[in-house]
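This report describes the fold and the contacts of a protein model. Look at the sequence and the structure before reading on.

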Amino acid sequence: MIEIKNLKKIYGNVTVVDIPQLSIAKGESVGLVGNNGAGKTTLFRMILDLILPESGEITSNGEIVAGHEHWKAYTASYLDEGFLIEYLTPEEYLYFIGGLHQQSRAQVDETLTALGDFFNGEILNRGKYIRDLSKGNQCKVGVASCLLQNPQLLMLDEPFANIDPSTQFRLKNMLKDANKSKGVTTIVSSHDLNHITDVCDRILLMEKGVIIKDIATSSSTLSELEDYFGVGQTVGATPVVKIDEEENH
Amino acid sequence: MISTFIRHELKAFWRSKNTGKSIAVRVVMIFLILYLFGCILLAGIGMDKILEIAFPNDDLVKSFCGIVLIYFLFDLFMRLQLQELPTLRVQPYLHLPIKRNTLVGYLAITAVFSMFNLWPFLLFLPFIFKIIAPDSGIIVALAFVVAIVGISVFNNYLALYLKRKSNLNGWVFLITAAVLILIVIADFWWHFYSLHNISYAFFGRLLTMPILAIIPALLGIVMYYFNFLYLKQNLYLETLTARKVKIYKSNTDIPFLSRFGTIGDLAANEIKLVFRNKRSRSSLIIGLFFMFYGLIFYTNKSLGQGWYLFAGMYMTGAFVVNYGQFMFGWQASHFDGILVSKITFSDFVKAKYLLFTTVSVISFVLTIPYVYFGWHVLLVHFVMCVWNIGVTTTIVLFFANRNFKRIDLSKSGTMNWEGVGASQLLLTLPLILTPYIIYTPFAVFKHPDIGLALLAATGFIAILTRNYWIKQLEADYYSKRYRIAEGFRNK
């Protein structure tokens with residue numbers, strides 16, 4: 001699906017993304033993790049042709065992404081609120097997106113009805129413009145617009161960050177369902193290691209623009225990631241024991 | 001603490017993206033403000049001459065005393081329209097261990113530093129020291145100054161109070177405006193009373209009893225204190241934010257546009273953009289004001305047909321120029337979304353053409369009453385409308401590809417320099433000059449109608465060859481799109 005070769009992005013003299021080779025096959029579910037500034041969003045933006053890399057190329061379905069538009073027909077993405085038209089109502093926006101994919105209003109309505117649980121009654125017919133929604137609800141609109149497009153490739157940047165726990169679980173199920181039963185290739189980034197290892201079959205760990213780990217998710221993945229992110233904080237028993245001793249004295 | 005606030009305020013001003021980074025913009029901005037103040041000062045210095053012409057039968061001081069109050073009525077009305085509320089700037093301090101009185105005091109005091117408070121002094125001080133001081137002595141002159149300071153302060157805080165109230169309830173503004181208009185109508189049309197006489201009754205007495213100046217001074221202090229108390233009781237985000245009370249926002253369809261498919265959808269979105277956001281709405285309203293250009297140009301017999309072109313172009317194309325000069329900055333906040341969705345650039349641009357064409361045609365229809373000044377006027381309007389649809393739109397879109405500045409839709413339009421850059425300043429020149437390049441040679445050799453016909457022909461050719469221009473714009477856009485998107489991401 002996605003092939004990346006010798007990709008480099010440099011801001012000033014800092015290399016923010018440096019990926020010699022990466023391929024993502026059709027139907028894979030990929031999770032992107034890494035601390036702030038690791039280059040996750042920059043990578044997303046380059047895959048979506050929003051910024052131009054200094055060198056290297058990205059192909060989607062065999063076609064170079066930069067300067068081409070065929071990939072837009074089967075790629076749906078939501079990185080931030082900047083993807084939403086803030087002065088429209090959610091309905092207007094979703095009809096607009098559906099219209100771009102030649103869907104009638106009835107078809108859009110059908111998809112939205114299926115999303116009723118996910119929306120939790122907070123999105124449709126509330127008489128608000130998107131700009132007046134909370135960040136979490138804006139995220140719901142963004143995710144819904146992605147699913148509406150029936151994509152082959154779905155890209156979400158930190159979708160779990162602002163939504164409530166119930167919606168997080170629903171979103172996880174929706175992502176799994178899209179990937180497992182519809183064969184959608186998903187690329188999702190998150191800071192929540194539990195969610196990401198739950199949803200994704202393959203985890204890419206980024207540090208300072210470089211993919212330092214590329215692991216197939218297994219039962220040990222979560223603890224492996226926790227070890228990496230818990231740098232210097234040995235969650236061991238020693239300090240606890242010490243406190244216990246002091247209390248005993 | 002206050003000095004820290006002021007330091008932060010200065011930093012906010014100089015580091016804000018709205019301050020217009022390029023030197024050209026700053027220079028023009030400073031120049032415009034100085035020019036405005038210069039004009040007012042000139043009017044102030046020449047006040048005695050103006051009053052002599054306006055009220056030739058009255059004593060100079062008497063007519064001066066008569067207009068002061070009328071000015072302040074106008075001043076209040078203008079403040080209600082234009083003065084900015086010093087509001088959300090306190091938000092980051094609300095949760096910190098800072099005394100409420102400090103915060104409120106700071107908010108209330110800084111409200112004095114508004115350009116509007118300079119106006120009355122520029123306007124009235126020259127007269128006071130030129131005419132009143134030599135006539136009635138320095139004590140009386142000082143009394144006048146104190147009275148004017150008092151009323152200015154009173155107006156300042158009254159306007160702010162009313163604006164804060166009207167942010168919570170839209171009716172307050174409407175009622176205030178209605179009351180102000182009624183006060184004026186009751187005087188000038190119905191003659192129930194005379195503001196001129198009321199104003200003289202007070203300021204005339206000031207000449208003999210300077211101590212009366214204490215009344216406006218007290219009024220000012222009371223209004224300040226009232227404002228202070230109101231702010232102190234309402235130092236909450238909901239009342240401070242300039243956000244209007246939420247009303248139910250309904251979905252809108254524009255059936256005329258839906259027949260154009262995706263292009264129509266995009267144009268409909270843009271129309272919603274214009275109507276649902278403050279700044280874009282004001283550019284539309286300014287466009288409507290340009291509709292009155294004809295009254296200036298056509299009633300003045302000394303202006304020839306050359307000026308008609310200008311009037312016609314602005315009346316049918318004011319929106320294209322006013323709104324178009326900031327394109328695509330209006331869509332900056334969701335430009336990434338446009339880039340990744342299934343919209344081709346040619347559809348994107350065609351939607352702009354559709355929008356401009358629709359608005360220009362509507363503007364042309366609105367100018368039809370000018371036929372009162374002769375059929376020729378209407379013909380010029382038609383030609384300039386065709387010219388705008390064909391040529392102006394393409395020039396505007398050419399410059400849109402060179403605009404990398406985002407626009408915050410939620411901010412109001414008055415004195416807002418956000419998004420103004422070199423490309424906006426450059427844009428107007430070719431727009432105004434190009435029709436004259438074609439027209440002037442023929443006008444000079446006494447065949448203006450051939451010039452007009454050529455303008456129309458050029459416009460029509462541009463419309464017929466539009467697909468070619470779209471291709472050119474597209475190629476141009478592809479070489480600049482990353483810069484545009486990056487510029488728009490820069491908040």
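## Domains of chain B

In this predicted model, the domain assignment of chain B gives two domains: domain 1 covers 2–8 + 17–240, and domain 2 covers 255–489. The C-alpha centres of domain 1 and domain 2 of chain B are 38 Å apart.

## Contact between the chains

Chain A and chain B touch each other, with 29 residues from chain A and 27 residues from chain B taking part. On the side of chain A that touches chain B, the largest share comes from helix α2 (residues 90–100) of chain A, which gives six residues. By type, that side of chain A consists of 15 nonpolar, seven polar and seven charged residues.

## Chain A as a whole

Chain A contains nine helices and ten strands. Its C-alpha atoms fill a box of roughly 70 × 45 × 35 Å, taken along the principal axes. Chain A has 249 residues, of which 41% count as buried. Among the contacts in chain A with a separation of 6 or more, 66% are between residues 24 or more positions apart.

## Domains of chain A

For chain A, the domain assignment gives domain 1 (2–74 + 151–248) and domain 2 (90–150). A distance of 25 Å separates the C-alpha centres of domain 1 and domain 2 of chain A.

The two domains of chain A touch through eleven residues of domain 1 and eleven residues of domain 2. On the domain 1 side of this contact, β7 and α6 of chain A each supply at least two residues. The most comes from α6(A), with four residues. Sorted by type, the residues on the domain 1 side are seven nonpolar, two polar and two charged.

## The six-stranded sheet

One open sheet of chain A has six strands in the order β6-β7-β8-β3-β9-β10, and its pairing is mixed. The edge strands are β6 (75–78) and β10 (210–216) of chain A, each of which pairs on one side only. On average, neighbouring strands of this sheet are turned by 15 degrees against each other, direction ignored. Strands of a sheet pair through backbone hydrogen bonds, either parallel or antiparallel.

Strand β7 (residues 153–157) and strand β8 (residues 185–189) of chain A run parallel and are joined by five bridges. Within this pair, L154(A) has T186(A) in β8(A) as its bridge partner. By contrast, β9(A) and β10(A) run antiparallel, with six bridges between them. I203(A) stands opposite I215(A) in β10(A). The hairpin of β9(A) and β10(A) has two residues between the strands, and K208(A) takes a positive phi near 50 degrees there.

## Helices across the sheet

Two helices of chain A can be followed across these strands. Helix α1 (residues 40–47) of chain A lies across β3 (29–33), β7, β8 and β9 (202–207) of chain A, at about 150 degrees to β7(A). Helix α6 (residues 165–182) of chain A lies across β3, β7 and β8 of chain A, at about 150 degrees to β8(A). Helix α6(A) also gives the most residues to the side of domain 1 of chain A that touches domain 2 of chain A.

## The four-stranded sheet

A further open sheet of chain A has four strands in the order β2-β1-β4-β5, with antiparallel pairing. Strands β2 (14–24) and β5 (63–64) of chain A stand at its edges; each has a single partner strand, so one side of each is left without a neighbour in the sheet. Inside the sheet, strand β1 (residues 2–11) and strand β4 (residues 55–60) of chain A pair in the antiparallel sense over five bridges. K5(A) has E57(A) in β4(A) as its bridge partner.

## A residue in an edge strand

V17(A) is located in strand β2 of chain A. Is V17(A) buried or exposed? V17(A) counts as buried because it has 27 C-beta neighbours inside 10 Å, and the cut-off for a buried residue is 20 or more.

Leaving out residues up to four places away in sequence, V17(A) touches L7(A), K8(A), K9(A), G39(A), T42(A), L43(A), M46(A) and G209(A). V17(A) and I212(A) are 195 residues apart in sequence, while their C-alpha atoms are 12 Å apart in space.

Terms used: Residues numbered from 1 in each chain as written. Chains lettered and ligands numbered in written order. Predicted model: local features only at pLDDT ≥ 70, side-chain atom pairs only at ≥ 80, totals over all residues. Contact = placed C-beta atoms within 7 Å. Nonpolar A, V, L, I, M, F, W, Y, C, P; charged D, E, K, R; others polar. Pairing = 2+ DSSP bridges. Axes fitted to C-alpha atoms, helices over the stretch in contact; angles between N-to-C directions. Domains from an automatic or database assignment. Buried ≥ 20, exposed ≤ 12 C-beta atoms within 10 Å, placed from the backbone.
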